[in-house]
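Good morning, and thank you for making time for this item. I would ask you to look at the model on the screen while I go through its packing, its domains and its contacts.

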Amino acid sequence: MVNTKIKETVRALLVEGKIRGFLGLRGENGHIMPHLFCDPQELESLSLGDWKKAGDSRYPLNQILIRLAMEYPEETFAVLVRGCDERGLRELFKWKQLDEEKVIPIGIGCPDELAKVCECEKPFPDGLIDGPRGEKTGSQKVARINEMGLDARFKFWLAEFNRCVKCFGCRNVCPMCFCNECTLEEEFLVGKGEVPPDNPTFHLVRAMHMVGRCIDCGLCEEACPADIPLRTLYKKIADIVSEEFGYKTGYSVDEKSPLNIIEVK
Amino acid sequence: MAKKRLAVLQKLLEFSGINPERLRMRWVSSAEAVEFVHEISEFAEEIKKLGTNPLKEKDAA
């Protein structure tokens, strides 16, 4: 079982005192939630986030890790990572949101079922401890919109965006949204008390901020109460970044994202 | 940086159903009045050819 190998690895790290805690998931009272395991005995309740379906209980663990690291800057933590979370960690290290020396990733590969639902480019981390090394799945959802004409695309997106209730769930759950100040809260750009927000501007602004940042975890779309296909939008962003700059977000440990480099020519 | 952002935004607009030709960037100094007039006039012509912006129709509806 995948679970056992992960448990053993974490237990060893805890017993040897190499980490202060392991940020993972715990099953308790029929729910799965994030938990910081500090005592090896607690590991019995470790969960990998599969409740009713594979990976249906995922959380932005890296986002929680950033807060932990702020509170305990001297401590080292291990964290459960899927392929997307590993990509996220790399970008967060490059942006100095986390210290690479203080983070030990514990990698699990995603089951095929989840990889397919996610249309994931790489459903496993390079630092794979257990789980499958799944196949890459191209995005049919992006392809479908690419095939539409301009007018059809406009109507499609406007109808999707106009269901927005401006709950900010997509931004709040995002493990890559770490800015202290957010454009989407600037009153002169986004009027208060207006639902839906000014579309497509509101969602395209967020999309632009995902350039070289989105690691395609899909939590935004999961969090959205209006089922707006945000992931499809950001997957397109990833395609554009790849075409324009040859950059794939989260794949390199040292190459910085294109909008993070000012080139002087 | 602006050039990079513009390249991405044009493709994003296209994916969202807005003609990317509605967005253009040029560098014109304040000392180049002739150049400025030329750019703006040409762009205005281009925009007229493209017709009404779907965003405007959206606001009217």
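Please note at the outset that this is a predicted model. I begin with the largest nonpolar core, which has 34 residues. Those with the most contacts inside this core are Cys214(A), Leu230(A), Tyr234(A), Ile237(A), Val241(A) and Leu12(B). Which elements give two or more residues to this core? From chain A they are α5 (140-147), α6 (150-161), α9 (219-223) and α10 (230-245), and from chain B there is α1. With seven residues, α10(A) gives the most.

A second, separate core has 24 residues, among them Phe22(A), Leu25(A), Leu61(A) and Leu89(A). As general background, nonpolar side chains in soluble globular proteins tend to be buried together.

I turn now to the contact between the chains. Here 15 residues of chain B meet 20 residues of chain A. On the chain B side, α1 (2-15) and α3 (54-60) each supply at least two residues. The most comes from α1(B), with eight residues. By residue class, the side of chain B that touches chain A divides into eight nonpolar, three polar and four charged.

Next, the domains. Chain A is divided into domain 1, covering 2-130, and domain 2, covering 140-256. Their C-alpha centres lie 25 Å apart. How many residues of domain 1 of chain A are in contact with domain 2 of chain A? There are 17, and they meet 18 residues of domain 2. On the domain 1 side, α2 (61-71) and α3 (83-94) of chain A each supply at least two residues, and α3(A) gives the most, with seven. The residues on this side of domain 1 comprise five nonpolar, four polar and eight charged.

Finally, chain A as a whole. Chain A contains ten helices and six strands, and its C-alpha atoms fill a box of roughly 60 × 45 × 40 Å along the principal axes. The radius of gyration of chain A is 19 Å, which agrees with a compact globule, because 265 residues in such a globule would give a value near 18 Å. Buried residues make up 40% of the 265 residues in chain A. Of the contacts in chain A with a separation of 6 or more, 63% are between residues 24 or more positions apart.

Conventions. Residues numbered from 1 in each chain as written. Chains lettered and ligands numbered in written order. Predicted model: local features only at pLDDT ≥ 70, side-chain atom pairs only at ≥ 80, totals over all residues. Domains from an automatic or database assignment. Contact = placed C-beta atoms within 7 Å. Helix = DSSP H or I, 4+ residues; strand = E, 2+ residues; numbered from the N terminus. Nonpolar A, V, L, I, M, F, W, Y, C, P; charged D, E, K, R; others polar. Core = buried A, V, L, I, M, F, W, Y, C linked by C-beta atoms within 7 Å. Buried ≥ 20, exposed ≤ 12 C-beta atoms within 10 Å, placed from the backbone. Rg over C-alpha atoms; globule rule 2.2 N^0.38 Å.
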